[in-house]
Amino acid sequence: MSNAAQSVAQEEIDLTGANQVIDKYQDMHGSLMPVLQGIQEHYGYIPEPTVHLVAERLNVYTSQIYGVLTFYAQFHLKPRGKYIVRVCMGTACHVKGATRIGDTLTEQLGIGHAETTEDLKFTAEYVACIGACGMAPVIMVNEATYGSMSVQKMVEVIDKYKAME
Ligand code: FES
């Protein structure tokens, strides 16, 4: 998405959900984290206008909020795909060809690490060991784990999710 298109999209964010989350936690001590978590749960990421809203309503600096958002890997500042494809790049997976699996994902969807397809269907993430080394190379699509991946199997898994809503 271009910067111009992104800023238009951001202006159109409905802040009702964010306001409801803030209403819920506003009077709580240490409300910033639960508010940010609630906003991410609602929108799937933290839209920029919500950062300004939180700053105003909780009376904190935006720089303080961005400090929290960039410190914790759980927060995302850009929209993410419906399907998060995690390609394990840990040692066991690397030795068994994880790079080829990542390259196949790029060939199939045109996205690399931390990128999202324009239709917001897929986000690619290269991750460290996900604890299933016995099945290396391994990928996850949302909560589903797929082991013993090959280029062919990767194409099939991606095709399956492409065909889904
Ligand atoms: S290195 Fe990939 S699951 Fe452990």
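Predicted model: local features only at pLDDT ≥ 70, side-chain atom pairs only at ≥ 80, totals over all residues.

Let us begin with the order of the elements. The chain is divided into two domains, with domain 1 covering 15-71 and domain 2 covering 83-163. Taken over C-alpha atoms, the centres of domain 1 and domain 2 are 31 Å apart. The C-alpha trace of the chain spans about 50 × 30 × 25 Å along its principal axes.

I turn now to the interior. Of the 165 residues, 41% count as buried. The largest nonpolar core comprises 20 residues, and Leu-36, Ile-39, Val-54 and Ile-65 have the most contacts inside it. At least two residues of this core come from each of α2 (16-25), α3 (32-43), α4 (48-58) and α5. A second, separate core holds 17 residues, among them Leu-105, Val-141, Met-149 and Val-157.

Which residues does Ile-39 touch, if we set aside those up to four places away in sequence? They are Ala-18, Val-21, Gly-44, Tyr-45, Ile-46, Pro-47, Thr-50 and Val-54.

Next, the largest pocket. Its volume is about 310 Å³. Fifteen residues line this pocket, and Phe-75, His-76, Leu-77, Arg-80 and Ala-114 lie nearest its centre. Both α5 (62-71) and β2 (122-127) supply at least two residues each to the lining.

Finally, I would draw your attention to Gly-90, which lies in the loop between β1 (83-88) and α6 (91-95). Is Gly-90 buried or exposed? Gly-90 counts as buried because its relative accessibility is 10%, and the cut-off for buried is under 20%. Apart from neighbours within four places in sequence, Gly-90 is in contact with Val-127, Ala-128 and Cys-129. Gly-90 and Leu-32, by comparison, are 58 residues apart in sequence, with 33 Å between their C-alpha atoms.

One last figure concerns the contacts of the whole chain. Among those between residues at least 6 apart in sequence, 60% join residues at least 24 apart. Thank you for your attention.

Definitions and conventions: Residues numbered from 1 in each chain as written. Heavy atoms only, no water. Domains from an automatic or database assignment. 1 Å grid on protein atoms, 1.4 Å probe; cavity = no way out; pocket = protein on both sides within 12 Å on 5 of 7 lines; lining within 4 Å. Points joined across faces, edges and corners; volume = space filled by probe spheres on them. Helix = DSSP H or I, 4+ residues; strand = E, 2+ residues; numbered from the N terminus. Core = buried A, V, L, I, M, F, W, Y, C linked by side-chain atoms within 4.5 Å. Buried < 20%, exposed > 50% of the residue type's maximum accessible area, 1.4 Å probe, protein only. Contact = heavy atoms within 4.5 Å.
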